[in-house]
Amino acid sequence: KPEDFRDTIMKAAEQRVKVRLTLEEVFKAENMEITDEDLNAALEEMGKEFAMSADELKNMLDMDQFKEDQKLKKASAFVMEHAKV
């Protein structure tokens, strides 16, 4: 049913927002930073996947959004590293 589909999509969206907000808070609480070196390393890695140079990617990507994505990745890696199972 359309209502069930909408409810499922809404729940998934809410979960993604909660995870993002949590990771943003971890990033801030741990005084993390994304340096130019971090960005360049991520661009180089992505460039290998797409057979493109870091400069080509810089011209194609929204670098503000790319930096935000790197913040979330760094916070996520921190959480995974420090999680106790």
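Because the model is predicted, local features need pLDDT of at least 70 and side-chain atom pairs count only at pLDDT 80 or more, whereas totals for chains, interfaces and linings use all residues. Residues are numbered from 1 along each chain as its sequence is written, and side-chain values use heavy atoms, with hydrogens and water left out.

View 1. Along the sequence the pattern reads α-α-α-α, with helices (H or I, at least four residues) and strands (E, at least two) taken as DSSP runs and numbered from the N terminus. The protein is more spread out than a compact globule, because its radius of gyration is 16 Å, well over the 12 Å that the globule rule gives for 85 residues; this radius is taken over C-alpha atoms, and the rule is 2.2 Å times the number of residues to the power 0.38. Taken along the principal axes, the box that the C-alpha atoms fill is roughly 45 × 35 × 25 Å. Of the contacts with a separation of 6 or more, 66% are accounted for by residues 24 or more positions apart, contact meaning heavy atoms within 4.5 Å. Buried residues make up 18% of the 85 residues, where buried means under 20% relative accessible area, exposed means over 50%, and partly exposed lies in between (1.4 Å probe, protein chains only).

**View 2. The salt bridge between glutamate 25 and lysine 28.** The two side chains meet at 3.7 Å, N to O, and both residues lie in helix α1 (residues 2-29), 3 residues apart, which is about one turn of the helix. Glutamate 25 is partly exposed, with a relative accessible area of 48%, while lysine 28, with 55%, is exposed.

**View 3. The salt bridge between lysine 74 and aspartate 38.** Here the closest N and O atoms are 3.4 Å apart. Lysine 74 belongs to helix α4 (residues 63-82) and aspartate 38 to helix α2 (residues 36-50), so the pair ties together parts that are 36 residues apart in sequence. Lysine 74 counts as partly exposed, at 33% relative accessibility, and aspartate 38 is also partly exposed, with a relative accessible area of 29%.

**View 4. The salt bridge between glutamate 68 and lysine 71.** These side chains meet at 3.2 Å, N to O, and the two residues lie in helix α4, 3 residues apart, or about one turn of the helix. Glutamate 68 is partly exposed, with a relative accessible area of 27%, and lysine 71 is likewise partly exposed, with 23%.

**View 5. Glutamine 70 and its contacts.** Glutamine 70 is found in helix α4 and counts as buried, at 12% relative accessibility. When its neighbours within four places in sequence are left aside, glutamine 70 is in contact with Ile34, Leu39 and Ala42.

Notes:
A salt bridge is a side-chain nitrogen of Lys or Arg within 4 Å of a carboxyl oxygen of Asp or Glu.
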